[in-house]
Amino acid sequence: MEIDLKLIKQVFHISHPELLREIQHYGKWLPFAPGDTIINYGNFIKTVPLIISGTVKVIKEDEEGKEVFLYYLKSGETCAMSLTCCSTYQPSQIKAIAEDTTELIAIPVNKHEEWMNTYREWKELVGRTYSNRFQELLNTIESIAFKRMDERLLNYLENKFSQLQTNMINVTHQEIANELGTSREVVSRLLKQLEKNGRIVLGRNKVMLKEIV
């Protein structure tokens with residue numbers, strides 16, 4: 001599929017005509033279905049993903065094999081961890097999964113490195129990516145350190161609803177527990193309490209945010 005330059009200009013705020021032409025020439029348009037793995041642990045990053053549409057969930061595995069949620073990527077963003085791995089030639093320490101139907105453009109690593117020295121707008125895009133991810137990771141650390149698990153759970157749900165732009169998500173209690181780094185029993189108990197308090201409505205592997213119904 002040919003890359004739409006007008007779409008790239010609009011989504012990533014890139015106006016330099018030569019950079020746009022190079023993205024069109026060297027980039028590869030890739031579609032992903034919900035649940036598809038885009039980047040897996042141990043992969044050597046050969047391309048930089050530019051998210052056109054959809055939402056990508058980025059998670060990391062701890063020493064015990066448990067997966068912990070890091071952040072979401074949405075339209076107009078790229079992945080800071082991917083940029084770091086490709087720049088240092090290290091295998092991926094994260095896993096990126098399409099949360100819903102996702103489209104991205106894969107940019108070869110060598111072009112990313114070349115554009116960092118050639119195009120100010122590309123360097124600014126990479127800079128914004130690191131800044132945004134750093135702030136999100138600080139928020140995650142603050143949440144883990146200072147917030148109760150019920151607050152973290154509600155924030156997690158609200159963030160997920162916002163990112164997917166929906167009022168109902170399909171997710172199991174175990175999946176939520178994995179992403180929050182806690183047990184399924186704790187998540188189930190807190191979800192039932194949130195439902196009792198009128199914040200959410202629970203279904204079979206479904207959660208609905210009652211406040212925005």
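1. Is tyrosine 72 buried or exposed? Tyrosine 72 counts as buried, because its relative accessibility is 3%; buried means under 20% relative accessible area, exposed over 50%, and partly exposed in between (1.4 Å probe, protein chains only). Phenylalanine 69 also counts as buried, at 13% relative accessibility.

2. On the basis of the note: this is a predicted model, in which local features need pLDDT of at least 70 and side-chain atom pairs count only at pLDDT 80 or more, while totals for chains, interfaces and linings use all residues. Residues are numbered from 1 along each chain as its sequence is written, and side-chain values use heavy atoms, with hydrogens and water left out.

3. On aromatic pairs: rings of Phe, Tyr and Trp (its six-membered ring) pair if their centres lie within 6.5 Å; planes under 30 degrees apart count as stacked, over 60 as edge-to-face and the rest as tilted. By this rule there are three aromatic pairs. Phenylalanine 69 and tyrosine 72 make a tilted pair, with 4.7 Å between centres and 55 degrees between planes. Phenylalanine 69 also pairs with tyrosine 156, edge-to-face, at 6.3 Å centre to centre and 85 degrees between the planes. This second pair links distant parts of the chain, 87 residues apart: phenylalanine 69 is in strand β5 (residues 67–74) and tyrosine 156 in helix α6 (residues 149–164). Helices (H or I, at least four residues) and strands (E, at least two) are DSSP runs, numbered from the N terminus.

4. On lysine 111: a salt bridge is a side-chain nitrogen of Lys or Arg within 4 Å of a carboxyl oxygen of Asp or Glu, and the whole structure holds eleven. One of them joins lysine 111 to glutamate 22, with 3.7 Å between the closest N and O atoms. Lysine 111 lies in helix α4 (residues 109–118) and glutamate 22 in helix α2 (residues 17–26), so the bridge ties together parts 89 residues apart in sequence. Lysine 111 is buried, with a relative accessible area of 7%, and glutamate 22 is buried at 12%. Lysine 111 also lies over the face of tyrosine 26, at 4.1 Å from the ring centre; the criterion is NZ of Lys or CZ of Arg within 6 Å of the ring centre and within 35 degrees of the ring normal.

5. On lysine 160: its side chain meets that of glutamate 99 in a salt bridge (2.5 Å, N to O). Both lysine 160 and glutamate 99 are buried. Salt bridges that share partners join Lys57, Glu99, Lys160 and Glu179 into one network.
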